[in-house]
Amino acid sequence: MVEKDRFKRQYSSDFNVGIIGLGPKGLYALERLLAQIKAKNIHIPIVIHVFNQNSFFGAGNVYRNDQPPYLIMNYANKNIDVWSRELPEAVVPETPSFSEWLYEKNGAPIEHISEGFSSRASVGEYLMESFLKLREFRPVNVQIKMHVTTITKITEREGVFQLYGRKAEDYNSVTFNNLMLTTGHLGSGAKFDVESPSKNLIKFIYPVSQKLKHIRANKNVAVQGMGLTGIDAILALTEGRDGAFKSKVEGSIYYSASGKEPGKIYPFSRSGLPMIPRGNDSEKKSSLPFFTEEVISGLQKRPYLNFLKDVLPLIKEEVTFNYYKVLLKQHNRTFSFSPEFNIINKQIEEFHDTFPSVKRFDWDAFINPFPIQKVLSHNDVFNYVKWLIGEAEKGLDNSPMLAAASTWRQISPVFNGLYSFAGFDAASHRLFNTTYFGLFNRIAYGPPIMNMKKIVALAEAGIVDFSFSRSPKVSLLIEDGFDRYKLGDERKKIEVEYLINARMPRNEFRNENALYANLLQEGLICKYRNNNSGLYTPGCIAIDFKGRALARNGNIQKNITAYGTPTEGVTFDNDTLSRKRNNFASQWAHDISEQLVKIQNNSPLKDEQQHQVQ
């Protein structure tokens, strides 16, 4: 305390940093900043204010550790690591990866743990424990102040910032020198097709124990979104209500109802198609014979790319090659690589001449197995899901379809370099965001097999019904002051009591997103626009290559940085838990530390310290 008081006598005020949103991305930014402060031997007083909408600091909304254990990740344990493994080293002496942390707690074989999938809650516990370690081992001159609040407005005056929440808070008198925006999915605004003031419209499902608890038993529910969040919503309304999945023969399961479930659950989406499930070998790496360094370098030299002409053909070649690599192996045929795809095609034709009854790979059928059907029946989707499970259980080495589906996971990091910062023309940028982004997610980033087996069991129990899965018309009905919703049209329709948005919201500058609306109004940020041969505004912050926001006048906001979801659209696929993808945190922490070094070098305290050394 004496040392801290001495600092304050030497400086007019603390250096205040604000991290707005302390989920995983905010946690990663905090970790790097503390490491830089310690490594550069910075002694001036620093206060890092961390803002979160709830008390689950480090975990945020999606990974809070009070969630039920049946909400399982689709991200393998081995990919999760709070610690960046880069210099400078973390301030924490022991830095276990998530797999190592699980091993210390459970003692299971580390190889088994690494390839497995864990619950959101266990990931959240790991993240929150890491945050507590950072607080414990922070440098002595650093304070970390926690604020459970939602920041709704930021103003700037003479180079420093003022933050405002929804009520008077203890940080309102603080002037902030630097801000990091890591507001995550919910903080970026949720968009929904039907609006109503009723509690019967659920716009965001996490935490499920709170957001879905008012849904009454035996009432019909529609779930918009057939991805990971949709599965979580369905399981919360069934397994989360004391229902049980029990084993049958040969690895199949059945559902034993509790009587607390909805009458029917109707999942639907634009495509009406489920995600392709993933097995334990889903993280297996493979080479990219067509996205070579030479090809990528050539593409990056162009001013901008056309997705359909320049990139999609390469994606199709990679997918086709992976499909036939497995298929020919199954038939004891040699499949030789050639950079000339016409030679690859020649081998494929020779194979089908020899085996004419073997089904050809069809890209269009691969991405949409029901291309001409505007409406899918329950059995269409149900049988397709069962087939997908069977393919996933074969594994990457034995299922040509699964090998093809996994290709995008290998391409994605490379694609990020082509996509980011207006790598495509405006029309291509829009096309990818609105069509191919969701398509590739559905194909490559599906749930663990067991979760999809649970959906099948629920369909067999008559609870999950796919009859309206493909893009039904959704209408709001108000009868006697009570909201209901209609799916379908006069030819085929169903009424439901509850409508759940089970999609992760994309970036949207909309009125209900008070923070970004006010940042725009203040001119502290501007919307990102792709002006390449047209105009496309994806709905995210305009940033520079360091993640720093651009103001209305076009100037770089050197002291406002965005990281993660707020940059989605300028950058691609900011996986919440990834430390490497679009990592603006390391550069941000480095730049702040350099700023602090300059302040320290120009301070009376430095002269005092040098005098003491002499």
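**A walk through a predicted model**

Let's start at one residue. Ser 469 sits in the loop between α16 (449–460) and β12 (474–479). Helices here are DSSP runs of H or I with at least four residues, strands are runs of E with at least two, and both are numbered from the N terminus. Is Ser 469 buried or exposed? Ser 469 is buried, with a relative accessible area of 0%. Buried means under 20% relative accessible area, exposed means over 50%, and partly exposed is in between, with a 1.4 Å probe and protein chains only. Which residues does Ser 469 touch, leaving aside neighbours within four places in sequence? They are Met 226, Pro 267, Phe 268, Ser 269, Gly 272, Leu 376 and Val 381. Contact means heavy atoms within 4.5 Å.

A word on what we are looking at. This is a predicted model, with residues numbered from 1 along each chain as its sequence is written. Local features need pLDDT of at least 70, side-chain atom pairs count only at pLDDT 80 or more, totals for chains, interfaces and linings use all residues, and side-chain values use heavy atoms, with hydrogens and water left out.

Next, confidence. pLDDT is the predictor's confidence in each residue, from 0 to 100. The mean for the protein is 90, and 92% of its residues reach 70 or more. Two stretches need care. Residues 187–192 stay under 50, and the model has 28 contacts for them beyond four places in sequence. Residues 607–614 are also below 50, with three contacts beyond near neighbours in sequence. Where pLDDT is low, the predicted coordinates should not be read in detail.

Now helix α10, residues 307–330. Take its contact with helix α11, residues 341–354. The two pack at an angle of about 35°, and their axes are 11 Å apart. Axes are lines fitted to C-alpha atoms, for helices over the stretch in contact, and angles run from 0 to 180 degrees between N-to-C directions. On the α10 side we have Glu 317, Thr 320, Phe 321, Tyr 324, Leu 327 and Leu 328. They meet Phe 341, Ile 344, Ile 348, Phe 351 and His 352 of α11. That contact divides into eight nonpolar residues, two polar and one charged. Nonpolar covers Ala, Val, Leu, Ile, Met, Phe, Trp, Tyr, Cys and Pro; charged covers Asp, Glu, Lys and Arg; the others, Gly among them, are polar.

α10 also packs against helix α14, residues 400–419. Here the angle is about 145°, and the axes are 8 Å apart. From α10, the residues in contact include Phe 307, Val 311, Ile 315 and Val 319. From α14, they include Met 401, Trp 408, Ile 411 and Phe 415. The contact of α10 with α14 divides into 15 nonpolar residues, three polar and one charged.

On to charges. How many salt bridges does a search of the whole structure find? The search finds 22. A salt bridge is a side-chain nitrogen of Lys or Arg within 4 Å of a carboxyl oxygen of Asp or Glu. Arg 32 and Glu 31 form one, at 2.8 Å from N to O. Arg 32 is buried at 2% relative accessibility. Glu 31 is buried too, at 1%. Both belong to a network of salt bridges that links Glu 31, Arg 32, Glu 86 and Arg 579.

Lys 78 and Glu 115 make another bridge, at 3.1 Å. Lys 78 lies in the loop between β2 (46–52) and α3 (98–106), and Glu 115 lies in helix α4 (residues 110–115), so the pair ties together parts that are 37 residues apart in sequence. Lys 78 is partly exposed, at 37%. Glu 115 is partly exposed as well, at 30%.

Last, some backbone details. The peptide bond from Leu 87 to Pro 88 is cis, with omega near -5°. Pro 88 is in the loop between β2 and α3. The bond from Tyr 206 to Pro 207 is also cis, with omega near -5°. Pro 207 is in the loop between β7 (201–202) and α7 (208–211).

Asn 218 is not a glycine, yet has a positive phi of about 70°. Asn 218 lies in the loop between α7 and β8 (221–224), and is exposed at 57%. Phe 421 has a positive phi too, near 55°. Phe 421 is in the loop between α14 and α15 (426–444), and is partly exposed at 22%.
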